[in-house]
Amino acid sequence: MTKIALVLAYVIGGGVLGGLLSGFDRILTARMQSRKGPPLLQPFFDVLKLMDKRTVVVNNYQTFYVACFLIFIVLTGSLFFVGGDLLLTIFALTVAGIFLVLGAYSSHSPYSTIGAERELLQMMAYEPALLIAALGMYWVTKSFHVSAIVSYSHPLIAVLRGFLSACFSFLP
């Protein structure tokens with residue numbers, strides 16, 4: 001597949017697969033609670049219903065930040081699936097999260113401020129783990145390119161698990 005076809009498959013297929021997995025998760029959760037649950041396509045129905053609602057934008061900055069968030073999320077997945085640089089992919093993911101936080105802070109609502117602070121805490125939790133995993137992959141493959149990491153001849157899981165446990169053992 002060409003790189004453009006891979007990016008298009010990511011953008012279109014990611015939304016479809018994500019919606020189907022979300023629908024399956026809802027059904028599974030309902031069955032575990034002895035309920036019937038919604039239909040499999042319920043997330044798509046929810047999106048259609050959301051698109052029918054009136055758009056409420058507090059200020060123009062919020063629209064800009066949300067658009068930048070969406071652009072950087074698509075860029076993150078595209079970089080990953082075309083075999084780009086892993087550090088650049090992590091950086092794009094971080095920038096997307098920052099735009100989401102800025103969009104939440106721009107509305108001056110206490111609820112969006114709480115959501116922005118939650119997102120910042122999540123970012124502080126997963127960013128070091130992502131960087132350590134990227135360093136572990138570099139340590140093994142001597143490359144930050146996703147295509148080189150995927151085409152590495154030995155399984156990375158055992159080496160990465162050892163590297164991660166060694167890194168976390170140094171923490172106080």
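**Entry 1. Glu-127**

I started with Glu-127, which counts as buried at 13% relative accessibility. The cut-off for buried is under 20%, so Glu-127 falls inside it. I note here that I am working on a predicted model. Glu-127 sits in helix H5. Which residues does Glu-127 contact, once neighbours within four places in sequence are left aside? I found Ile-90 and Thr-94. I then took the C-alpha distance from Glu-127 to Ile-90 and got 8.2 Å. In sequence the two are 37 residues apart.

**Entry 2. Overall layout**

I stepped back to the whole chain. I counted seven helices and zero strands. Read from the N terminus, the order is α-α-α-α-α-α-α. The protein has 172 residues, and 27% of them are buried. I looked up contacts between residues at least 6 apart in sequence; 53% of these join residues at least 24 apart. The accessible surface comes to about 12,000 Å². Carbon and sulfur atoms hold 73% of that surface.

**Entry 3. Leu-131**

Back to H5, for Leu-131. Is Leu-131 buried, exposed or partly exposed? Its relative accessible area is 38%, so I put Leu-131 down as partly exposed. I left aside neighbours within four places in sequence and listed the contacts of Leu-131: Leu-87 and Ile-90. Ile-90 had already come up as a contact of Glu-127. I also checked Leu-131 against Phe-91. They are 40 residues apart in sequence, and their C-alpha atoms are 9.8 Å apart.

**Entry 4. The largest nonpolar core**

Which residues form the largest nonpolar core? I listed six: Leu-86, Ile-90, Ala-134, Phe-144, Val-146 and Ile-149. H4 and H6 each give at least two residues to this core. Not counting residues up to four places away in sequence, Val-146 touches Phe-80, Gly-83, Gly-84 and Leu-86. Leu-86 is itself a core member.

**Entry 5. The largest pocket**

Rolling a probe the size of a water molecule over the atoms shows where empty space is left. The largest pocket has a volume of about 220 Å³. I counted 14 lining residues; closest to the centre are Phe-80, Leu-86, Thr-89, Ile-90 and Leu-130. Leu-86 and Ile-90 are also on my list for the core. Which helices supply at least two residues each to this lining? I noted H3 (60-81), H4 (86-105), H5 (110-141) and H6 (146-150). I sorted the lining by class and got eleven nonpolar, three polar and no charged residues.

**Entry 6. The second largest pocket**

I found about 160 Å³ of space in the second largest pocket. Its lining is Val-11, Gly-15, Val-47, Leu-50 and Met-51. Helix H1 (3-32) and helix H2 (42-52) are the elements that give two or more residues to it. Which of them gives the largest share? I found H2, with three residues. By class, I have four nonpolar residues, one polar and no charged.

**Entry 7. Phe-44**

I stayed with H2 and looked up Phe-44, which lies in that helix. Its relative accessible area is 27%, so Phe-44 is partly exposed. Not counting residues up to four places away in sequence, Phe-44 touches Gly-15, Val-16, Gly-19 and Leu-20. From Phe-44 to Gly-19 I read 6.5 Å, C-alpha to C-alpha. The pair is 25 residues apart in sequence.

**Entry 8. Positive phi**

Last, I looked at backbone angles. His-108 is not a glycine, yet it has a positive phi of about 60°. Where is His-108? I placed it in the loop between H4 and H5. His-108 has a relative accessible area of 71%, so I marked it exposed.

Lys-142 is another non-glycine with a positive phi, again about 60°. I found Lys-142 in the loop between H5 and H6. Is Lys-142 buried or exposed? At 57% relative accessibility, I marked Lys-142 exposed. The cut-off for exposed is over 50%, so Lys-142 passes it.

Conventions: Residues numbered from 1 in each chain as written. Predicted model: local features only at pLDDT ≥ 70, side-chain atom pairs only at ≥ 80, totals over all residues. Heavy atoms only, no water. 1 Å grid on protein atoms, 1.4 Å probe; cavity = no way out; pocket = protein on both sides within 12 Å on 5 of 7 lines; lining within 4 Å. Points joined across faces, edges and corners; volume = space filled by probe spheres on them. Helix = DSSP H or I, 4+ residues; strand = E, 2+ residues; numbered from the N terminus. Nonpolar A, V, L, I, M, F, W, Y, C, P; charged D, E, K, R; others polar. Buried < 20%, exposed > 50% of the residue type's maximum accessible area, 1.4 Å probe, protein only. Contact = heavy atoms within 4.5 Å. Core = buried A, V, L, I, M, F, W, Y, C linked by side-chain atoms within 4.5 Å. Areas by Shrake-Rupley, 256 points an atom, 1.4 Å probe, with all protein chains shown as cover.
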